[in-house]
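The structure comes first, and the notes follow by topic.

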Amino acid sequence: MSSITDAMTVAAPSFTGALLRPTDSGYDERRGVHNGLIDRRPAAIACCQGVADVVDAVRLARDLGLEVSVRGGGHNVAGRATNNGGLMIDLSPMKGIHVDVAARTVRAQGGVLWRELNRETQLHGLATTGGVVGSTGIAGLTLGGGVGWLMPKHGLALDNLRAADLVMADGRVVRAGADENPDLWWAIRGGGGNFGIATSLEYTLHPVGPMITGGVVVHPLPRGLEVLRFFRDTCASLPDEAMLAAVLQSAPDGSGAKVVGIAGGHCGSLESGEAAFRPLKAFGPPVMDMMGPIPYAALNGMIDPAFPKGALNYWKAQFLTELSDEAIRTLIAGFQECPSPMTHVIIEHFHGAASRVPVSATACTMRVTGFNVVIAAQWMDPRETERHTAWARETFASLTPYLAPTRYVNYLEDEAADPAGVVYGPNLGRLRTLKTKYDPENFFRQNVNILPM
């Protein structure tokens, strides 16, 4: 193990971060990712303070023939931020954020989390589309797509990306944008971590909040069929300012009762938001109503407590052809058998600006109007792993007659068949050509991997 430390000292005497080995203090904390089911042990972790440190780490990995994984927020459910026996390049110390209020842009380093970005931009009543869990890293979410409450109005996170600085597989630092390396710019918007390490990302900002309308209304699961029909029918006429998602979960009061909720966010005026969501509050009526004025930053962290770091997670997700009555009944029947009170079945609705972008405009093919189902099995006891993963697989399999081809790269599990094919579809050929150009040796392969030609 000392050979890695010695190699870093020789190859990169200017490295300013920490190079952690398995025997070092802090190693176990750094190697852990959000999903406690992932337990991998890199040979070393390069905790980078800046772009030059990232370059040094890439060169070290190349010199020693080490596999590389990149950690920003460490939230990817498949654990792609870490590896066994390789080098984890940890960007989490890189927290710089600069908001240009006049230009309505923000530039942030690759270790920034969404709650940190929102905290800075909301000082000025500005925001960009960003994840619904505040502890998610900006880089991984954006390069894979970027679902968030603002996507019907302002597009996916990647649609708001203006440029990115990348450390490439050969150690070069390049900028990708509409006027610089435009083919690389096309590829990184949806291509995930296949092309380089994003050390800095620049986004367009929009006037949002600080107060918007949002929250959740909750009904008993026995009313699930009528509630999800109402959710489906309401989604058919939503304005771009509004996004809804339905969720099957256990009641947050600890009673163990299974419930169905409708969560929403409306980024227009408080008056228009109240009018748009008034039917949600009246339907039923709900047994719990937490829908109303809320800080935008609070809405983005609303479900954080439901997904604690270290919990064991196993997810299956895919778009539906439609949210038919038969699909609804199948989801409810599956959830009734759910063995864990921590598990959620989430139905995300896609429409508006994110869905109007042509599939060929970026590498991302998630340009649909409709519903994405996320079976998010979650538990704490490792002895229960087989039981909970089996439930998730069986519930997902029961949905087979209702599944559309599209899958979201950021939700994809490791065991998916033809992973690059199912997430990139008609864009895969072009992506493979660009992978050959920018990473012909497939140095960056700890991802939903795009193979070079």
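A cavity here is a set of grid points where a 1.4 Å probe fits but cannot get out, and a residue lines it when one of its atoms is within 4 Å of such a point. The model described is a predicted one. Its secondary structure amounts to 15 helices and 18 strands.

**Overall form**

- The radius of gyration is 22 Å, close to the 22 Å that the globule rule gives for 453 residues, so the protein is as compact as a globular protein of that length.
- The C-alpha trace spans about 70 × 55 × 40 Å along the principal axes.
- Of the 453 residues, 60% are buried.
- Among contacts with a separation of 6 or more, 72% are between residues 24 or more positions apart.

**Cavity and pocket**

- One cavity of 30 Å³ or more turns up in a search of the whole structure.
- The volume of the largest cavity is about 40 Å³.
- Its lining consists of Gly144, Gly190, Ala363, Cys364, Thr365, Met366, Arg407, Tyr408, Val409, Val423 and Tyr424.
- Sorted by class, that lining holds seven nonpolar, three polar and one charged residues.
- The lining of the second largest pocket comprises two nonpolar, nine polar and six charged residues.

**Glycine 190, a cavity-lining residue**

- Glycine 190, one of the residues that line the largest cavity, is in the loop between helix 7 (182-188) and strand 10 (197-204).
- Glycine 190 counts as buried because its relative accessible area is 1%, and the cut-off for buried is under 20%.
- Beyond its neighbours within four places in sequence, glycine 190 is in contact with Leu143, Gly144, Leu158, Ala363, Cys364, Val409 and Tyr424. Gly144, Ala363, Cys364, Val409 and Tyr424 are also found in the cavity lining.
- Between glycine 190 and methionine 288 there are 98 residues of sequence separation and 37 Å of space, C-alpha to C-alpha.

**Salt bridges**

- Side chains of opposite charge can pair when their charged atoms come close.
- The whole structure contains 29 salt bridges.
- Glutamate 441 and arginine 62 form a salt bridge through their side chains, with an N to O distance of 2.7 Å. This pair links distant parts of the chain, 379 residues apart: glutamate 441 is in the segment after helix 15 (428-438), and arginine 62 is in helix 3 (residues 51-64).
- Within that pair, glutamate 441 is exposed at 58% relative accessibility, whereas arginine 62 is partly exposed at 32%.
- A salt bridge also joins the side chains of arginine 175 and aspartate 165, at 3.0 Å from N to O. Arginine 175 is in strand 9 (residues 173-177) and aspartate 165 in strand 8 (residues 161-167), so the bridge ties together parts ten residues apart in sequence.
- Arginine 175 is partly exposed, with 23% relative accessibility, while aspartate 165 is buried, with 12%.
- Both Asp165 and Arg175 belong to a network of salt bridges that also includes Arg107, Arg162, Glu180 and Glu202.
- Glutamate 384 is paired with arginine 387 in a salt bridge whose closest N and O atoms are 2.9 Å apart.
- The relative accessible area of glutamate 384 is 26%, so this residue counts as partly exposed. Arginine 387 is likewise partly exposed, at 49% relative accessibility.

**Histidine 154**

- Histidine 154 lies in helix 6, which covers residues 151-154.
- Is histidine 154 buried or exposed? With 18% relative accessibility, histidine 154 counts as buried, because the class takes in residues under 20%.
- Apart from neighbours within four places in sequence, histidine 154 has contacts with Thr129, Asp159, Asn160, His206 and Ala353.

Note on methods:
Residues numbered from 1 in each chain as written. Predicted model: local features only at pLDDT ≥ 70, side-chain atom pairs only at ≥ 80, totals over all residues. Heavy atoms only, no water. 1 Å grid on protein atoms, 1.4 Å probe; cavity = no way out; pocket = protein on both sides within 12 Å on 5 of 7 lines; lining within 4 Å. Points joined across faces, edges and corners; volume = space filled by probe spheres on them. Nonpolar A, V, L, I, M, F, W, Y, C, P; charged D, E, K, R; others polar. Salt bridge = Lys/Arg side-chain N within 4 Å of Asp/Glu carboxyl O. Helix = DSSP H or I, 4+ residues; strand = E, 2+ residues; numbered from the N terminus. Buried < 20%, exposed > 50% of the residue type's maximum accessible area, 1.4 Å probe, protein only. Contact = heavy atoms within 4.5 Å. Rg over C-alpha atoms; globule rule 2.2 N^0.38 Å.
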